[in-house]
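Let's take a walk through this protein model together.

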Amino acid sequence: MTILDIDVKYTAVATAENGRDGRVATDDGKLDVVVNPPKEMGGSGAGTNPEQLFAAGYSACFQGALGVVARKENVDISGSTVTAKVGIGSNGNGGFGLEVALSAHIPNVDEATALDLLEKAHQVCPYSNATRGNIKVDLAVV
């Protein structure tokens with residue numbers, strides 16, 4: 001796989017304290033949250049966790065990519081939603097891995113068109129491009 005240079009328009013900066021059981025904040029103060037491991041992984045579950053933050057970012061970004069594709073194809077996706085489910089677990093090599101399930105609800109669009117839009121958005125979305133070939137990402141219309 002070739003690494004491509006990009007024309008960077010914006011750089012987000014966040015700093016974590018105490019890893020998965022601490023705090024993470026952006027340099028501009030717009031995000032400042034307590035992070036704790038989920039109960040399912042032996043944590044308190046009191047705060048958010050990196051997987052929830054990743055799911056939030058991926059779903060928002062994918063929804064944006066879906067909009068870009070829909071505008072190019074002249075398809076109305078008003079009222080649509082994208083949900084990202086991010087799973088974490090042992091990768092069998094002593095470490096951890098992620099998997100993602102992206103589902104979209106696109107009213108007033110038939111299933112074949114919706115699936116086509118999802119596949120095309122998956123090629124546009126920066127999160128999809130970053131994860132492609134590294135983690136399992138499933139796409140579905142709901």
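Start with the helices: α1 passes α2 in a right-handed crossing. This is a predicted model, by the way. Helix α1 covers residues 50-73 and helix α2 covers residues 111-124. Their axes come within 8 Å and cross at roughly 115°, which means that α1 is roughly perpendicular to α2.

So who's touching whom? On the α1 side, the contact is made by Y58, F62, A65, L66, V69, A70 and E73. On the α2 side, you'll find D116, L117, L118, K120, A121, H122 and V124. Sort the residues of this contact by type and you get 10 nonpolar, 1 polar and 3 charged.

In general, nonpolar side chains tend to be buried together in soluble globular proteins. Here, the largest nonpolar core has 22 residues, and Y58, F62, L66, L102 and I106 have the most contacts inside it. The elements giving two or more residues to this core are α1, β4 (81-90), β5 and α2. Helix α1 supplies the largest share, with 7 residues.

Now zoom in on L66. Skipping its neighbours within four places in sequence, L66 is in contact with I77, S80, V82, I106, L117, L118 and A121.

## A serine in a strand

Next, find S103 in strand β5, which spans residues 96-105. Is S103 buried or exposed? S103 is buried, because its relative accessible area is 17%, and under 20% counts as buried. Leaving out its neighbours within four places in sequence, S103 is in contact with T81, V82, T83, A140 and V142.

Technical notes: Residues numbered from 1 in each chain as written. Predicted model: local features only at pLDDT ≥ 70, side-chain atom pairs only at ≥ 80, totals over all residues. Heavy atoms only, no water. Axes fitted to C-alpha atoms, helices over the stretch in contact; angles between N-to-C directions. Helix = DSSP H or I, 4+ residues; strand = E, 2+ residues; numbered from the N terminus. Parallel < 35°, antiparallel > 145°, perpendicular 65-115°, else oblique. Left-handed = near helix turned anticlockwise from the far one by under 90°. Contact = heavy atoms within 4.5 Å. Nonpolar A, V, L, I, M, F, W, Y, C, P; charged D, E, K, R; others polar. Buried < 20%, exposed > 50% of the residue type's maximum accessible area, 1.4 Å probe, protein only. Core = buried A, V, L, I, M, F, W, Y, C linked by side-chain atoms within 4.5 Å.
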